[in-house]
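Thanks, everyone. I will go through some charged pairs and then the nonpolar cores. Please have a look at the structure first.

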Amino acid sequence: MSRSIVHMDLDTFFISCVRLENPQLNGIPLIVGGGERGVVASCSYEARYYGVRSAMPIRMAMQLCPQAKIVKGDMELFSKKSHEVTQIIEENSPLVEKASIDEFYLDITGMDKFYGCYKWTNELIHTITKETGLPISFALSVNKTVSKIATGEGKPNGNLEIPQNMVKPFLNPLSIRKIPMVGEVTFNLLSRLGIRNIEKLSETPAEVLQSMIGKNGLELWKKANGIDNNPVEPYTERKSLSTEHTYLQDTIDIKKVESLILGMVEKLAYQARKEQWLVSTMVVKIRYANFDTENLQRKIAYTSCDHILSKLAIELFNKLYNRRMRIRLVGISFTGLVRGTYQINMFEDTEEMVALYQALDKMKKRYGFDAVGRANSILKQQKVLSTPFQSAAEETQNKIPISPP
């Protein structure tokens, strides 16, 4: 039986939230970001007309569209509105995957027997817009890849249906850029070989693609041919990211405990970014020498930035640790996870901070987590270094100091 998979995407989500709070911003070129030295977190369609795009330096965006208005992002507002939409979808849908703060997959296979998948989805969309005030696009098709591509093609306020017999005619003329897994490097490689649209890609033998781009070649061939058997997975499947450390000897050295906590947070935050998770709740745990265990948690705006999470972890620890007894164990947990790739705080950070995060993650991915780290964090068997960011290979022949912005 053919599946019925819906992809929903809130249209210019950050922009829509800001305009709900201030309707006077409707109709004008609008940029959500972090000031002149920051980057564009989101932009309105009016600004996109002039070539403004997400992740573009704001100074460049203002050169393209000098009449645009810059508004600082409010992650508390964005998180609140995302939760509202999520709650409505979960209350009405049999199986939901929250792919990011503003993106959802629904598996409504079999609903045609009772109601009609397209009609049901359309009514759910109207309910979301009516109750939250947010515009949302959707596409209904046979799998996640086709429905996601179709949503992008239908924006804004799109409501496409691509049945099985229309999958190939729909995909064939589109640029290979439309396939979610095609990045800039893959696009340039395939373009040099004359493969620029999905039809041409689908006709390329899978073994040729594998020899060109490795293990992802077969997956790319499948997507180009409209094949995607990936299931819709409930977004609560991954409940938490956590780590604990038990001391061999109970300690009362708070400075060392705080350094350990910072290292634990840094490692978990990198894991979150690597696996494309966003965190909405942090839990700090301590166990005293007498085995009494206490926890303290706090909800936060979705993030995966360790410089934000580290500050919160220390605040929670300082509130939690009030007995002045020796500590046996400390633990950190990130919960309330959703899929997302907002790896940096675009509303606060400068271009330099964005570039620094990207460079750090690239080095860690290539050389291992311990290749580079923060001086005020300390992991098991790792020294505290003397500069804000410095290579862990300081004592080897390769010395790579990295200065913060």
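Glu219 is partly exposed, at a relative accessible area of 27%; by that I mean between the two limits, with buried under 20% and exposed over 50% relative accessible area, using a 1.4 Å probe and protein chains only. This is a predicted model, where local features need pLDDT of at least 70 and side-chain atom pairs count only at pLDDT 80 or more, while totals for chains, interfaces and linings use all residues. Residues are numbered from 1 along each chain as its sequence is written, and side-chain values use heavy atoms, with hydrogens and water left out.

The partner of Glu219 is Lys223, and their side chains form a salt bridge of 3.9 Å, N to O. A salt bridge here is a side-chain nitrogen of Lys or Arg within 4 Å of a carboxyl oxygen of Asp or Glu. Both residues sit in helix α11, residues 216-224, and are 4 residues apart, about one turn of the helix. Helices are DSSP runs of H or I with at least four residues, strands are runs of E with at least two, and numbering starts at the N terminus. Lys223 is buried, with a relative accessible area of 11%. Lys223 also meets Asp228 in a salt bridge, again with 3.9 Å from N to O. Asp228 is buried as well.

How many salt bridges does the structure hold? There are 16.

Another of them joins Lys285 and Glu244, at 2.6 Å, N to O. This pair links distant parts of the chain, with Lys285 in strand β10 and Glu244 in strand β9 (residues 240-251), 41 residues apart. Is Lys285 buried or exposed? Lys285 counts as buried, because its relative accessible area is 18%, whereas Glu244 is partly exposed, at 47%. Salt bridges with shared partners also join Asp9, Asp11 and Lys155 into one network.

Beyond four places in sequence, Lys285 has contacts, meaning heavy atoms within 4.5 Å, with residues including Thr293, Asn295, Leu320 and Val330.

Now the cores. A nonpolar core is a set of buried Ala, Val, Leu, Ile, Met, Phe, Trp, Tyr and Cys residues joined through side-chain atoms within 4.5 Å. The largest has 37 residues, and Met8, Phe78 and Leu106 have the most contacts inside it. Elements that each supply at least two residues of this core include β1 (5-10), α4 (75-92) and β6 (103-107). Its largest share, 6 residues, comes from α4. Apart from this core lies another, of 30 residues, with Leu260, Met264, Val284 and Leu316 among them.
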